[in-house]
Every structure is written in structure tokens, then in C-alpha cells.
Amino acid sequence: MVQYNFKKITVVPNGKDFIDIILSRTQRQTPTVVHKGYAISRLRQFYMRKVKYTQQNFHEKLSTIIDEFPRLGDIHPFYGDLLHVLYNKDHYKLALGQINTARNLISKIAKDYVKLLKYGDSLYRCKSLKVAALGRMCTVIKRIGPSLAYLEQIRQHMARLPSIDPNTRTILICGYPNVGKSSFMNKITRADVDVQPYAFTTKSLFVGHTDYKYLRYQVIDTPGILDRPFEDRNIIEMCSITALAHLRAAVLFFLDISGSCGYSIAQQAALFHSIKSLFMNKPLILVCNKTDLQPLDRLSEEEMKLVMEMKAEAMKTVMGQGGEPSNEEGLLLTMSTLTEDGVIAVKNAACEKLLNQRVELKMKSKKINDCLNRFHVAIPKPRDQKERPPCIPQAVLEAKAKQAAEHDKRKTEKDLEDENGGAGVYSANLRKNYILANDEWKEDILPEILDGHNVYDFIDPDILLRLEELEREEGLRQAEEEDTEFEMDGNELSPEEQEALAAIRKKKSLLIQQHRIKKSTAESRPTVPRKFDKDREFTTKRMGRQLSHMGLDPSLAINRVRSRSRGRKRERSVDRGDNDGGEAMDMDVDRPNKMLRVRSRSLSISRSRSRSRPPSEVVPGEGFKDSAQKVKAHKLAKKSVKKRNKDARRGEADRVIPTLKPKHLFSGKRSIGKTQRR
């Protein structure tokens with residue numbers, strides 16, 4: 001778990017914004033109306049409240065800045081030295097000290113002016129003291145403006161620092177610039193560090209994470225270090241030195257044995273000996289990178305001697321941890337990040353060394369005694385000389401045999417593809433399944449093949465002449481087919497079929513003509529009412545005759561058409577027409593026709609007009625059982641929002657105009673000059 005999260009530090013405003021925030025809050029949160037007719041005690045209390053409130057806000061803001069920024073003496077030494085390297089702890093402490101001094105000065109100013117306000121004898125004097133108090137507070141804030149700007153820049157930079165946990169399992173990668181540190185980190189973690197063919201591509205600490213034996217390991221990529229005096233190293237190199245000095249981690253010192261990084265093995269050995277004091281009490285592994293360009297066994301005698309000297313120094317660190325001097329395994333490893341040869345072996349060796357060291361330290365600590373007292377390992381004693389071998393169920397043996405058989409099965413093309421780079425990289429060998437008299441012929445260079453035949457076997461010098469003959473023959477055949485094409489003359493048909501064919505053709509031509517006429521006059525053709533349709537082409541009688549002729553019952557279709565016709569009367573519903581039914585049934589037969597017509601028209605209007613649905617009516621799909629349940633649900637909904645609506649009062653974030661017509665602008669005599677405000 002990361003202990004320090006610098007991303008949560010509050011933003012530090014500059015001097016001008018700081019003053020605007022505090023004064024605007026004072027104006028909004030304290031009373032603003034006062035008259036000279038008030039009692040002097042009320043006037044004093046009014047202005048004392050403003051001074052105290054302003055001082056309280058300044059104190060809270062400045063205290064937040066002081067408390068949220070880390071104190072270099074209270075945090076982990078790694079972070080303390082890292083902040084000192086990046087920001088210079090003297091400047092950092094000086095800026096925070098100025099903020100603390102400003103907070104004390106503002107408190108002292110408020111205390112003095114509140115004491116003076118207790119003896120104010122008029123509205124003018126109280127107001128002048130208030131203005132002086134707030135002015136002096138703002139002056140103090142203006143003087144610490146550079147410190148606020150400096151702390152804001154530090155906050156922004158600290159928010160971009162990587163989240164490094166100094167107490168977790170850590171692997172530290174160090175060495176000269178451009179020796180392959182970032183490439184190795186990209187291979188074993190999910191980090192994406194920029195890799196370029198020039199020195200000092202990595203300018204700060206980068207963090208990635210990897211897994212080994214179900215444990216999470218933190219991998220830190222450090223910037224390159226040059227072999228020069230401590231005082232001459234820049235900030236980028238000092239970040240690496242700080243990580244090496246304070247983090248309890250497994251160290252991977254990278255060597256470029258090919259010399260392509262621009263530094264010889266002698267220079268890299270000199271760097272190793274100059275910083276070897278930082279490797280004490282840490283698992284150390286020398287990693288010879290770029291073996292694809294220069295294998296380790298091809299080095300010269302001098303270079304090999306330098307490498308062996310570094311290995312001997314690494315052996316001393318193992319002995320310093322209490323290891324055996326004969327255990328030289330894993331101190332010097334080779335790999336190539338380009339071909340990924342040995343990358344996983346280096347990672348596993350570093351994780352294993354670090355894990356063993358952490359376990360040994362825990363076993364040597366005093367806390368292990370408390371844990372050992374709780375454990376008891378029971379070893380059963382043999383009661384007789386009879387052997388009791390372990391009993392393995394038959395199902396388990398069969399499962400193991402099946403698993404071994406699957407392991408030894410023939411490799412498929414998919415397995416070969418996964419082993420040789422995956423899709424897009426692996427190319428299947430199609431020749432290995434050729435059935436030939438001699439298997440050695442499978443890898444022979446094949447001639448040009450088209451449709452399974454050798455192209456050279458079909459080269460003919462007279463190919464153009466034969467092509468012309470084929471085209472000529474094709475033309476003759478097409479002409480014969482056109483002559484013999486079938487046409488319906490009507491000579492081969494019987495008299496009845498000829499009559500039917502003539503009727504079909506006539507009907508087809510009539511339909512085409514009608515369609516063309518309708519299409520040409522579609523836009524200009526008016527809609528003719530049914531009563532002017534003298535032809536009566538489409539009627540229910542005609543439809544009934546046609547359906548009866550086809551052997552179908554026309555009654556259902558005719559009733560459906562009549563029910564959908566435009567002129568049908570609106571039927572009275574059972575629930576809406578009961579009120580009018582009695583009056584309609586009680587009409588007097590002896591009334592005049594005019595009265596009957598008026599009465600029937602009013603009834604039809606009242607029937608056709610739609611009524612609004614009452615709130616308690618249940619509509620299918622709403623999810624209510626009956627109207628009582630719906631009414632109860634609406635009441636509960638209104639009751640639940642009543643409290644929220646009641647609490648929605650005006651707050652400081654609402655955009656309001658406190659006073660539409662301020663009294664100091666609309667009262668008294670107008671002075672000489674502007675007359676736009678009357």
C-alpha cells in the first residue's frame with residue numbers, strides 16, 4: 001500500500017486570487033447593512049465580526065497549505081532526499097516558514113484591531129478601523145505571493161511523481177545511459193517507458209509492476225549514471241543515487257558488453273566500483289546485456305578480467321548478507337532485450353534473491369519468536385514395521401495418464417504458430433505434407449504452377465492462331481443459337497390456349513395503360529368523393545361476387561370493410577354513455593322533426609367529444625392493481641419529495657441579486673454631475 005499520495009494536496013492560489021477568495025467570502029457570509037442610527041455597541045459588534053471572520057478564513061486557508069505539504073523530517077528518508085534533490089529543502093522550508101509567519105501576523109493584526117474596535121466611538125471610526133485591519137491582512141498576503149507561487153509549482157510537480165512504496169518488494173535497475181534498462185522494464189512489466197537510441201532518454205524515476213509466485217513486485221527504472229564526482233552529478237543522476245541509497249531492493253546493474261551505448265566496459269566497471277558502497281546489504285546481480293551483438297565468451301582478456309572483478313565485488317555483498325562464498329550462481333547473467341533471450345531468467349533470479357533475503361530478515365527479527373510459539377508440527381511415530389504406501393485413487397491415476405497423453409500428442413499447426421511468434425509472424429510450411437517418392441524433393445525450388453500444371457509445358461508458339469480459330473468457332477455457335485431461339489408464335493397452341501393467351505395480353509396492355517395514366521396525373525388529379533364516383537368500380541357487391549366466384553365466404557371481408565368505412569356512426573361506450581342513454585330513450589315521438597334533428601345533433605356531439613381520464617383510473621401497463629393502489633402511490637410520491645422541496649432554500653452558490661434597488665444608490669440628493677441614476 002502506498003503511504004504517500006501527493007496528488008491530494010489542495011491547489012495553492014496566488015496572492016491576488018487568495019485575497020479575492022477571502023474578501024468575497026467575507027462579503028457573502030457576514031451582514032452588509034448598517035446605519036449610523038444604530039447603537040454604538042451594535043456598530044462595534046458589526047465591524048468586529050467582519051474582522052474576526054476574515055482572520056478566521058485566512059487562518060484556515062494557510063493552515064491547510066502548511067498541513068497538507070509533507071514535512072521532510074516526518075516522511076520516509078527516500079522521499080525526503082528526493083524532494084531535497086528536486087526542490088532544495090532549504091527553499092522548501094523557507095517558503096512554508098513564510099506561510100506560517102503570515103498566519104501568525106494576520107492573527108496578531110486581527111487581535112489588535114478587535115481591541116481597538118471595542119473603543120470605537122462612531123460609525124466612521126469603526127469602519128476606518130475595519131478597512132485598516134483588512135488592508136493590513138491583504139498586504140501580508142501580497143508579500144508572500146512569491147512563496148505561494150513556488151509552492152504551487154512544487155505541488156504540480158509532486159502530483160506527477162510516481163507512486164513508489166518504499167516498503168514493498170522492489171527491483172531497482174541501474175547502470176550507464178543507453179545500456180537497455182528501459183527496454184528490460186518494458187519487457188517484464190506493463191509500463192511503457194520511452195526508448196530511444198540516445199543517452200538520457202529516461203530523465204526521472206519510472207515505476208512498473210510484475211508478478212512472481214503470485215506476489216506483486218515493484219520495478220523501478222532509474223536514469224543513467226555517469227562516472228564522475230558526487231558534486232558534479234546533476235538532478236537526473238541524483239534521483240538514481242537517492243533510490244539506490246534508501247530503497248531496500250534487489251539491484252540489477254546493467255552492463256553493455258557490446259559497447260554500442262558509447263561507453264566501454266572499463267568505464268562501466270569504474271562506475272560500478274565508485275557506487276558499490278550503495279549496494280551493501282542488497283541482493284546484487286550483474287546483467288550483461290546486448291549479447292546478440294557481442295557474446296560474453298568472445299570478450300577480450302582485459303574486458304573479461306574487469307567483468308570478473310565486478311563479479312568478485314558482487315560476491316562480497318553476498319557474504320555481507322551472510323551468504324556462502326561458494327554460492328556464485330546467479331551473480332552474473334546474460335541476456336538480450338532485442339531477442340528476449342534470458343529476460344525471464346534475469347527477472348526470476350532477481351525476484352528469488354529478494355524474496356529469500358526478506359524471508360531471512362524476518363526469521364532473524366524478534367517478531368518471529370511470537371509466531372513460532374503458535375506453531376506445532378506433529379510427526380507421527382511408526383507403530384509397527386508394516387509399510388503403508390500412499391493410497392492414490394484410480395481416478396487420479398487415470399487423469400494423470402490422460403494429461404501425459406495429451407502432453408505427448410502430435411503438435412498441430414496452431415501449437416506451432418503459438419511457439420513461433422503467433423499470427424502474422426509464423427508462416428506454415430505447406431510442403432511438408434506433399435506425397436512424393438523421395439522426401440528430399442519437398443524442399444526443391446518449384447517451377448511456376450498454374451492450376452496444378454507447369455506453365456512451361458503449355459507454351460505454344462501458335463497460340464495466337466489457335467485463339468483466333470476458337471473465337472471464330474464461338475461466333476458461329478452464338479449465331480446458330482440466336483437462330484434457333486424459342487419464340488411463342490401461337491401456332492403450337494390449341495384454340496382455347498390461343499384465346500386465353502390473347503385475353504392475357506389484352507389485360508396486360510390495359511393494366512399498363514391505366515398505370516401510366518394514373519402515374520402521369522397523380523399530382524394534378526383531385527380527390528373525388530364517393531357520391532360522384534359514377535362508375536362504382538370498387539364496391540362491396542363486386543368484391544362479394546369475386547370472392548364467391550373464387551370459392552371464398554365474402555361475409556367476413558364485407559363486414560370488416562363496412563366497420564372501417566368513414567361514414568359509420570360512433571358507437572356509444574358502456575361507461576361513458578350511460579348518462580345520456582335515459583334521455584335518448586325518453587324522446588317523444590310526437591315532437592317536430594326540427595327538434596329531433598337538433599336533439600340528435602347535440603347527442604352526437606356529446607358522444608363524439610373525448611373525455612379526460614380521471615387520475616384514479618388504472619391504465620393497463622402502469623403496474624397498479626386497482627384505483628385505490630394508484631391513489632395511494634401518488635400520495636406517497638408527493639410526500640417523499642415534500643421534504644426535499646422544502647429544504648431547497650437559497651444558498652451561496654445561487655445566482656441572485658441580494659437587493660434589487662440598493663438604498664445608498666436610490667436615496668438622498670443627487671450630487672452635481674451624472675444624472676442617469678434617479
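Lys-187 and Glu-340 form a salt bridge, with the closest N and O atoms 3.2 Å apart. By salt bridge I mean a side-chain nitrogen of Lys or Arg within 4 Å of a carboxyl oxygen of Asp or Glu. Lys-187 sits in helix α7 (residues 181–188), and Glu-340 sits in the loop between β6 (332–334) and α11 (343–364), so the pair ties together parts that are 153 residues apart in sequence. Helices (H or I, at least four residues) and strands (E, at least two) are DSSP runs, numbered from the N terminus. Lys-187 is partly exposed, at 39% relative accessible area. The cut-offs: buried is under 20% relative accessible area, exposed is over 50%, partly exposed is in between, with a 1.4 Å probe and protein chains only.

A word on the source. This is a predicted model, where local features need pLDDT of at least 70 and side-chain atom pairs count only at pLDDT 80 or more, while totals for chains, interfaces and linings use all residues. Residues are numbered from 1 along each chain as its sequence is written, and side-chain values use heavy atoms, leaving out hydrogens and water.

Back to the charges. How many salt bridges does a search of the whole structure find? The count is 17. One of them joins Asp-20 and Lys-16, at 3.4 Å, N to O. Both residues lie in helix α1 (residues 15–29), four residues apart, about one turn of the helix. An α-helix has 3.6 residues a turn, so residues three or four places apart point the same way. Asp-20 is partly exposed, at 40%. Lys-16 is exposed, at 61%.

Next pair: Glu-622 and Lys-630. Their side chains meet in a salt bridge at 3.0 Å, N to O. Buried or exposed, what is Lys-630? Lys-630 counts as buried, at 8% relative accessibility. Glu-622 is partly exposed, at 37%. There is also a network of salt bridges, linking Arg-228, Arg-233 and Glu-237.

Now strand β1, residues 170–175. Six of its six residues are buried. Both faces are covered. Thr-170, Leu-172 and Cys-174 are on one side, with Ile-171, Ile-173 and Gly-175 on the other. Which strands pair with β1? Pairing here takes at least two DSSP bridges between two strands. Strand β3 (residues 215–221) runs parallel to β1, joined by four bridges. Strand β4 (residues 250–256) also runs parallel to β1, joined by five bridges. Two partners to look at: Leu-172 bridges to Ile-220 in β3, and Ile-173 bridges to Leu-252 in β4.

On to the helices. Take α4, residues 89–117. At 1.5 Å a residue, its 29 residues should span 42 Å, and the end C-alpha atoms are 42 Å apart, which agrees. The expected span is 1.5 Å times one less than the number of residues. Buried residues in α4 include Tyr-92, Leu-96, Ile-99, Arg-103, Ile-106 and Tyr-113. The buried residues of α4 pack against α2 (40–68), α5 (123–143) and α6 (145–159).

Last stop, Leu-83. Leu-83 is in helix α3 (residues 77–87). At 3% relative accessibility, Leu-83 counts as buried. What is Leu-83 in contact with, leaving aside neighbours within four places in sequence? Pro-70, Leu-72, Ile-75, Asn-88, Met-158 and Leu-161. Contact means heavy atoms within 4.5 Å. Leu-83 and Ile-154 are 71 residues apart in sequence, and their C-alpha atoms are 9.4 Å apart in space.
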